[in-house]
Amino acid sequence: FSRNRPNDSTSKCVFDHYFFDHSYYLQKNASAEDFASLLNISTKKLGEITQYYYAVSFQLLINEHRYQHFVQELESPINSNLSIQSIIKLCGYENNDKFVEYVKKQNKKA
C-alpha cells in the first residue's frame with residue numbers, strides 16, 4: 001500500500017491549496033494539463049495525487065466539486081433571481097449539456 005503513495009507530501013498540500021482554497025475547479029478552463037502546469041508537476045504526478053488521495057480521476061474531482069458548489073449556490077437565497085443556467089455557468093460548467101451529462105452519469109451509478 002505505501003509503495004503507491006506519492007513520495008512528495010507537499011504536493012498534496014499545494015494541490016489542496018489551489019484546488020480547494022482557491023476553488024480551481026470553478027474555472028471554465030480547468031483541466032489536468034492546466035492544473036499540472038500551475039503546480040509545476042507532470043500530469044502523471046497529478047493523476048497519482050488524485051487517485052491516491054481522492055480515489056478518482058482529476059476530471060471527476062473537478063465535476064464532483066462543481067456539482068457540490070452548484071447545489072450550494074442553488075440553495076442560496078442570494079441567487080433566487082438567477083436562472084439555473086446562470087448558476088450552472090457560475091459553477092464552471094462549459095455549458096448546460098456538460099452539466100446534464102455529469103448528472104446523468106451520476107444517476108446511473110446510484
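**Figure 1. Overview of the whole protein.** The accessible surface of the protein comes to about 7,300 Å², and 50% of that surface belongs to carbon and sulfur atoms. Accessible areas come from the Shrake-Rupley method with a 1.4 Å probe, and for residues only the protein chains shown count as cover. This is a predicted model, in which local features need pLDDT of at least 70, side-chain atom pairs count only at pLDDT 80 or more, and totals for chains, interfaces and linings use all residues. Residues are numbered from 1 along each chain as its sequence is written, and side-chain values use heavy atoms, with hydrogens and water left out. The protein has 6 helices and 0 strands. From the N terminus on, its elements read α-α-α-α-α-α. Helices (H or I, at least four residues) and strands (E, at least two) are DSSP runs, numbered from the N terminus. The C-alpha atoms fill a box of roughly 50 × 30 × 20 Å along the principal axes.

Figure 2. Of the 110 residues in the protein, 31% are buried. Buried means under 20% relative accessible area, exposed means over 50%, and partly exposed lies in between (1.4 Å probe, protein chains only). Now take the contacts between residues at least 6 apart in sequence: 58% of them join residues at least 24 apart. A contact means heavy atoms within 4.5 Å. The protein carries 13 positive and 12 negative charges, and their mean positions are 6 Å apart. Lys and Arg count as positive, Asp and Glu as negative, while His and the chain ends are not counted. Each charge is placed at NZ of Lys, CZ of Arg, CG of Asp or CD of Glu.

**Figure 3. Aromatic rings in pairs.** A pair of aromatic rings is described by the distance of the centres and the angle of the planes. How many aromatic pairs does the structure hold? There are 20 aromatic pairs. One of them is F15 with F20, an edge-to-face pair with 6.5 Å from centre to centre and 65 degrees between the planes. F15 is buried, because its relative accessible area is 0%. F20 is partly exposed, at 24% relative accessibility. Y52 and Y53 also form an edge-to-face pair, with 4.8 Å from centre to centre and 90 degrees between the planes. Y52 is partly exposed at 25%, and Y53 is partly exposed at 24%. Rings of Phe, Tyr and Trp (its six-membered ring) pair if their centres lie within 6.5 Å; planes under 30 degrees apart count as stacked, over 60 as edge-to-face and the rest as tilted.

**Figure 4. A ring cluster, and charges over rings.** Ring pairs link F15, F19, F20, Y24, Y25, F35, Y54 and F58 into a cluster. Two other views show a charge over a ring. K12 lies over the face of Y53, 5.4 Å from the ring centre. The charged end of R66 sits over the ring of Y93, at 5.8 Å from its centre. A charge sits over a ring if NZ of Lys or CZ of Arg is within 6 Å of the ring centre and within 35 degrees of the ring normal.

Figure 5. H69 is in helix α4 (residues 58-75). Is H69 buried or exposed? H69 counts as buried, because its relative accessibility is 16%. Setting aside residues up to four places away in sequence, H69 touches Y25, L26 and C91. A30 lies in the loop between α1 (9-21) and α2 (32-39). A30 is also buried, with a relative accessible area of 11%. Beyond its neighbours within four places in sequence, A30 is in contact with Y24, Q59, I62 and R66. A30 and I87 are 57 residues apart in sequence, and their C-alpha atoms are 17 Å apart in space.

**Figure 6. Two loop residues with positive phi.** Most residues other than glycine have a negative phi. N40 has a positive phi, near 60 degrees, and is not a glycine. N40 lies in the loop between α2 and α3 (43-54). N40 counts as exposed, at 70% relative accessibility. A55 has a positive phi of about 55 degrees, although A55 is not a glycine. Where is A55? A55 is in the loop between α3 and α4. A55 is exposed, with a relative accessible area of 59%.

**Figure 7. The segment after α6.** A110 is in the segment after α6 (96-109). A110 is exposed, because its relative accessible area is 86%. A110 and Q85 are 25 residues apart in sequence and 24 Å apart in space, C-alpha to C-alpha.
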